[in-house]
Amino acid sequence: MNRTFTFFLLLMLSAGLFAQNHFPLVTDHYHLELSFDYRNETLQGHCRMTIINQSDSAVTQIPLVLYRLMNVHSVKTDNGSELKFHQSVVQFQDRTKLQTNHIVVDYEIPPHESKVIHIDYGGHLLGYTETGWRYVTDRISPEFTLIRMDAYAYPIISQPSVSFLINNIMHHLFDYDIVVTVPDTLVVASGGRLQSRTPAADNQMTYHYSSKKPAWRIDIAIAPYSQLNTEVLNIFYLNDENSAMGIAESGANAMQQYTSWWGELLSPEAVTIIETERGSGGQADELVILLPEESFSNISNFHNLYHELAHLWHVFIRENEGISPRWEEGLADFSAYLLNETLFEERAGLLKRAANNNLGRLKRDFERNPSLTEIPMIDYGNHRITNLSYVQPMVMFTVLYYWLGEEVFHRAIGGFYQQYIETGASTKDFINYWKLMAPSVNLDGFFEDWIYTTRFAEFVMEEKSFEDILEYYKNYTH
Ligand SMILES: [Zn+2]
């Protein structure tokens with residue numbers, strides 16, 4: 001990951017906050033039709049949402065948020081009758097620089113039933129940079145247009161509150177169909193499966209994509225894209241063909257290596273990589289990666305790509321109590337370093353160096369904020385700590401790797417995936433799985449030190465190197 005994954009982090013930090021008591025309405029399906037007026041820099045949208053009421057009582061109002069410069073023109077039921085609604089631009093309760101059009105639709109949804117609403121809307125899209133989200137420069141322009149959740153460019157069930165929104169969208173995944181009409185000089189890129197590409201009036205082209213898997217976000221990028229498709233990657237690139245070829249090759253090598261370590265993916269689907277405008281931020285869903293130009297063209301740095309591809313083998317972690325600490329970020333970072341030094345001979349030693357760097361980084365973080373040394377890793381989610389989820393578990397996994405050896409390590413990661421990919425699992429399940437894979441080793445004590453207590457922080461503050469820590473566990477019997 002890099003610093004531009006801010007919104008994704010923000011998502012993760014709030015996800016599950018209200019897991020026990022979530023909002024009853026969720027979106028189960030989106031049918032989104034979009035067209036553009038580039039001269040006036042506006043979008044026209046027709047959005048059909050299938051909404052489920054998951055609670056035991058009727059809900060009479062549907063709250064939605066939409067980008068601040070977009071208006072809802074009408075809301076109708078599936079049989080065409082008009083629904084009453086009101087809309088107003090408001091500030092987010094927990095992020096007051098963030099304005100949104102807040103729409104409330106009067107419509108009763110009985111308990112455990114679903115209803116369809118049709119929303120006609122449209123307007124401008126001019127980013128959200130004033131909120132501090134500098135990467136959300138989304139706009140409507142023939143050079144580059146980005147339609148995504150980050151700017152609420154389509155209606156989303158939520159109150160005007162970031163934590164409310166995140167919790168609700170992460171709670172229930174949806175399928176989508178998107179139908180986008182653009183001038184035929186432009187290409188519509190999406191992580192979905194292309195169903196059709198049909199000429200429309202006035203030299204336009206209509207693209208129809210459907211989701212490959214249930215998703216929590218829709219990403220649509222429109223530009224004069226070129227395309228490069230391989231067995232494992234669909235790449236949409238702006239200009240830099242050499243980089244696209246490099247990424248295709250590198251992605252194929254990465255997937256091959258990961259598969260040899262962890263086994264076949266349960267439902268292999270090509271991953272889509274979409275180059276986006278410089279500075280527009282990286283983003284990864286399960287099957288689509290947005291890579292801003294500066295990452296796309298930085299051919300020597302495949303770390304982000306490797307990191308995202310490693311996530312394909314990660315089981316959805318849901319704690320029985322509290323919020324996931326998201327150690328899979330550290331695992332993805334670990335995997336990216338290991339893969340780098342496996343694929344590139346000249347990068348031998350990279351993983352250990354990265355672990356030592358991360359120990360140094362932890363020490364600096366702890367010195368700046370000593371209270372962090374009192375928080376065990378399992379509580380990172382509960383304390384809304386996100387950046388350490390990339391750093392501390394990365395060191396932990398590096399110790400496990402060198403301590404238990406490559407074979408046991410990969411058997412644990414791959415086996416855990418095969419066993420739990422369909423059901424999800426908790427951190428406790430993960431630890432139990434490791435214990436099964438290495439029964440002769442005292443892993444209870446190790447996971448106590450690194451997950452459930454702050455023993456690891458003592459190593460950090462004592463400036464122990466990765467090698468010292470590894471040695472400690474190799475001689476560890478109690
Ligand atoms: Zn990640």
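Modeller: Domain bounds here come from an automatic or database domain assignment, and they are applied to a predicted model. On that basis the protein is divided into domain 1 (3-219), domain 2 (225-313) and domain 3 (317-474), and the C-alpha centres of domain 1 and domain 3 lie 36 Å apart.

Colleague: What makes His307, His311 and Glu329 the protein donors of the zinc ion?

Modeller: A donor is an N, O or S atom within 2.8 Å of the metal, and the NE2 atoms of His307 and His311, together with OE of Glu329, lie 2.0 to 2.1 Å from the zinc ion, so these atoms meet the cut-off. Along the chain the donors follow the spacing H-x3-H-x17-E.

Colleague: Why are histidine 307 and histidine 311 separated by about one helical turn?

Modeller: Both belong to helix H5 (residues 303-311), and because they are four residues apart there, about one helical turn lies between them. Histidine 307 and histidine 311 are also both buried.

Colleague: Why does serine 161 count as buried?

Modeller: Buried means under 20% relative accessible area, and serine 161 has 8% relative accessibility, so it falls in that class. Serine 161 is placed in the loop between strand S9 (156-157) and helix H2 (162-171).

Colleague: How do you know that the side chain of serine 161 makes a polar contact with the backbone nitrogen of phenylalanine 164?

Modeller: The limit for such a pair of N or O atoms is 3.5 Å, and the side chain of serine 161 reaches that backbone nitrogen at 3.1 Å. Leaving aside residues up to four places away in sequence, serine 161 touches Phe92, Gln93 and Asp94.

Definitions and conventions
Residues are numbered from 1 along each chain as its sequence is written. This is a predicted model: local features need pLDDT of at least 70, side-chain atom pairs count only at pLDDT 80 or more; totals for chains, interfaces and linings use all residues. Side-chain values use heavy atoms; hydrogens and water are left out. Donors are N, O and S atoms within 2.8 Å of the metal (3.2 Å for Na, K and Ca); water is not among the atoms, so sites may look incomplete. Helices (H or I, at least four residues) and strands (E, at least two) are DSSP runs, numbered from the N terminus. Buried means under 20% relative accessible area, exposed over 50%, partly exposed in between (1.4 Å probe, protein chains only). A polar contact is a pair of N or O atoms within 3.5 Å; within protein, one must be able to donate a hydrogen and the other to accept it, and residues adjacent in sequence count only if both atoms are side-chain atoms. Contact means heavy atoms within 4.5 Å.
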